[in-house]
Amino acid sequence: MTRPSNRRLVVGLLGTLLLVLWGFIGYWSWSQYHRLLASSTVLLEQLTSAVEEQTLRLFKQAETSLIVSRHWMAGHPTEDPGTAPTFTALVDSLRGASEGMLDIRMVGRNGGLFYIPKRSPKPLADVSDRDYYKAQLTPATRGFFIGNPLVSRVTGKWGIPVSIPVDVAGGDVGIVFVAMELDRIAKTFEAERPKPDGAISIMRADGTFLFRVPAGNNIIGQSIAGTPSWDQNISQSSRGTYYSDGTAVGTPPKLVSFIRLKEYPLYVTVAAEVDDLLIPWRRETFTLVSIAVVMTLLSVVAASILLRAMKGGEIAQRETERAHRDAKLILDAAGDGICGVDASGAVTFINPAARRMLGLMAADPVGRNFHLLCHHSHPDGSPYAGADCPVTQTLTDGQTREVHQETFWHSTGRPVPVDLVASAVTDEDSVVGAVVVFHDIAERIKAEQRLARQAAELARSNADLEQFAYIASHDLREPLRQVSSYVSLLERRYGEQLEQDAKDFIAFARDGAARMNQLVIDLLDFSRVGHSAQPLEQVALGRAVDDACANLAARITETGARVVRDDELPVVAGNTGELVRLFQNLIGNALKYRDPDRDPEVSVSARRDGTNWVVTVADNGIGIDSAYFDKIFGIFQRLHTRDKFDGTGIGLAICKKIIEQMGGNIWVESDPGRGSSFHFTLPIAPA
């Protein structure tokens with residue numbers, strides 16, 4: 001008879017092993033939970049960036065359309081835009097460029113609404129009570145204004161009005177605005193939102209919902225200001241991801257990623273339900289726990305048999321039968337397919353989950369060859385040789401095999417994609433069978449395909465955005481060339497007859513057209529950064545600095561500047577033209593913002609920091625206040641008026657985009673009155 005001390009030893013060892021097993025399961029489940037949430041956060045942030053690009057493109061189209069329309073009106077002050085064929089053609093082309101999402105309309109100075117072209121001399125509706133009309137009457141809000149979403153009094157559809165004032169126009173036009181119909185915008189964003197229950201929203205900086213897909217219950221036009229989601233998260237940062245209990249919009253708990261648009265007072269959010277994100281984790285945890293339960297119960301049963309072996313054959317037999325019954329119950333309850341085969345490959349047992357996956361609920365597969373039953377062909381229908389089957393190989397060599405994306409076949413002839421694990425069953429070092437555990441991965445494959453389609457759609461959207469920027473820039477520059485040409489013609493033909501004020505006005509118009517033309521050129525340059533078809537090359541930064549100085553030679557001579565660089569600047573992987581442009585912008589800015597009391601001095605140096613080069617361009621100019629360190633890298637951001645310093649405010653934005661495209665960062669340090677140092681990092685080129 002087994003002594004109590006020995007039985008205690010067996011129980012102690014078993015308890016230790018089970019404690020280690022369940023501790024591992026607990027740790028694995030905890031780590032997988034956080035890993036899944038972390039990966040979901042990354043995917044949401046990437047999707048939010050894509051939505052940000054689309055939203056920015058949409059509102060940039062709206063702003064561009066309004067500015068182009070106002071320019072036409074200013075250039076034709078005696079023509080009524082609502083009846084002018086050329087203006088109607090311009091508006092139609094702008095509508096076409098936005099694929100019908102933007103509809104340009106006019107409002108008279110007394111609040112009368114007119115479509116383009118006018119349907120009648122009388123207004124279609126009175127919109128003097130609308131916020132986008134009132135905003136243009138108030139100096140504090142006059143300008144580019146994004147109004148509250150509203151239902152059109154003409155079409156009855158929800159839309160977002162975006163307006164600008166008109167100072168000079170025929171036909172008594174006071175405001176021109178773009179109506180963004182929400183049902184058209186929804187078609188664009190519907191394909192991007194996480195399925196099945198995710199959401200994409202656009203909010204104003206005051207927390208008001210301008211757009212949401214799906215729309216939800218009366219959520220458009222409502223504000224979430226004052227809710228924890230807004231007060232503790234969105235309003236505190238320009239971007240981020242947080243957990244929401246859903247009370248702000250009446251939905252289940254969600255993981256929400258948000259970004260504030262840099263150029264407009266808007267936020268975009270992308271949300272996915274937490275329950276949807278955790279489905280894979282629950283499924284995998286259930287599978288692992290089920291297997292652990294089987295192992296635990298089998299271990300307990302085995303230990304019980306061992307401890308009771310001395311009590312006689314009858315008791316041992318009863319316990320064995322009980323163990324088999326327990327094992328069968330566990331197998332029946334398992335969510336994954338579990339199948340046993342003998343040494344010849346014939347099925348010895350199969351659980352209900354496996355029967356359901358393979359369509360064998362009515363037929364009895366026991367005794368049939370497992371490979372011929374469900375693993376006989378490749379996905380393309382070609383024969384799968386029995387010797388290549390992982391189950392057959394495990395029966396041959398006793399090695400455990402884990403195979404991903406295999407194909408089993410349903411009894412109806414359709415393929416069933418699976419992940420499987422084949423483990424050998426041995427008896428005295430001889431393989432007597434195997435256990436096959438497999439899991440249907442059809443839903444996972446569909447999810448991967450959806451992600452691939454979304455990636456392809458994002459690539460297409462980026463290509464469309466680049467094409468739009470190119471076309472828009474050329475279309476915008478043509479009217480500017482006409483304005484400049486005709487103003488010059490007026491000056492040559494009537495210059496002697498004009499008073500000094502008229503001559504000044506002509507000079508102002510020519511200067512405005514030139515500045516607008518430069519703005520369009522700079523905007524096109526900004527959009528092209530990072531889209532060069534040329535492959536990366538090894539670029540010597542010293543040569544790039546020398547080329548930039550050669551381009552600035554006249555300016556350097558004019559200002560009496562001294563530009564020096566390290567003798568041994570590093571070689572990096574990049575695009576030569578963009579790096580020359582980077583140094584030309586930074587050195588050119590140092591010359592532009594020089595101190596009038598001393599000659600400009602500019603130095604370029606580099607040092608190694610871990611896996612990056614840190615390059616510094618320092619000057620002795622007028623410096624920058626620390627309050628503007630972040631602002632200067634934004635597009636069209638200027639700290640000085642044009643009468644002091646020329647330029648469009650886009651140079652440093654181009655520098656920032658070039659550096660970020662190469663995987664680096666750029667920042668500034670400055671002491672006002674003594675100079676500034678611009679630093680940026682570049683990855684060290686592989687040897």
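The crossing of helices H16 and H17 is left-handed; that is, the near helix is turned anticlockwise from the far one by less than a right angle, where clockwise would be right-handed. Helices here are DSSP runs of H or I, at least four residues, and strands are runs of E, at least two, numbered from the N terminus.

Some ground rules. This is a predicted model, with local features needing pLDDT of at least 70 and side-chain atom pairs pLDDT 80 or more, while totals for chains, interfaces and linings use all residues. Numbering runs from 1 along each chain as its sequence is written, and side-chain values use heavy atoms, without hydrogens or water.

Back to the helices. H16 spans residues 576–592 and H17 residues 651–661; their axes come within 9 Å and cross at roughly 145°. Axes are lines fitted to C-alpha atoms over the stretch in contact, with angles from 0 to 180 degrees between N-to-C directions. Contact means heavy atoms within 4.5 Å. On the H16 side, the contact residues include Arg581 and Leu582; on H17, Ile654 and Cys655 are among them.

Now the rings. The structure holds 13 aromatic pairs. Rings of Phe, Tyr and Trp (its six-membered ring) pair with centres within 6.5 Å; planes under 30 degrees apart are stacked, over 60 edge-to-face, the rest tilted. Take Phe408 and Phe438: edge-to-face, 5.1 Å centre to centre, 75° between planes. Phe408 lies in strand S15, Phe438 in strand S17, 30 residues apart. Phe408 is buried at 0% relative accessible area. Phe438 is buried too, at 1%. The cut-off for buried is under 20%, with exposed over 50% and partly exposed in between, using a 1.4 Å probe and protein chains only.

Last item: ring pairs link Trp230, Tyr242, Phe258 and Tyr267 into a cluster.
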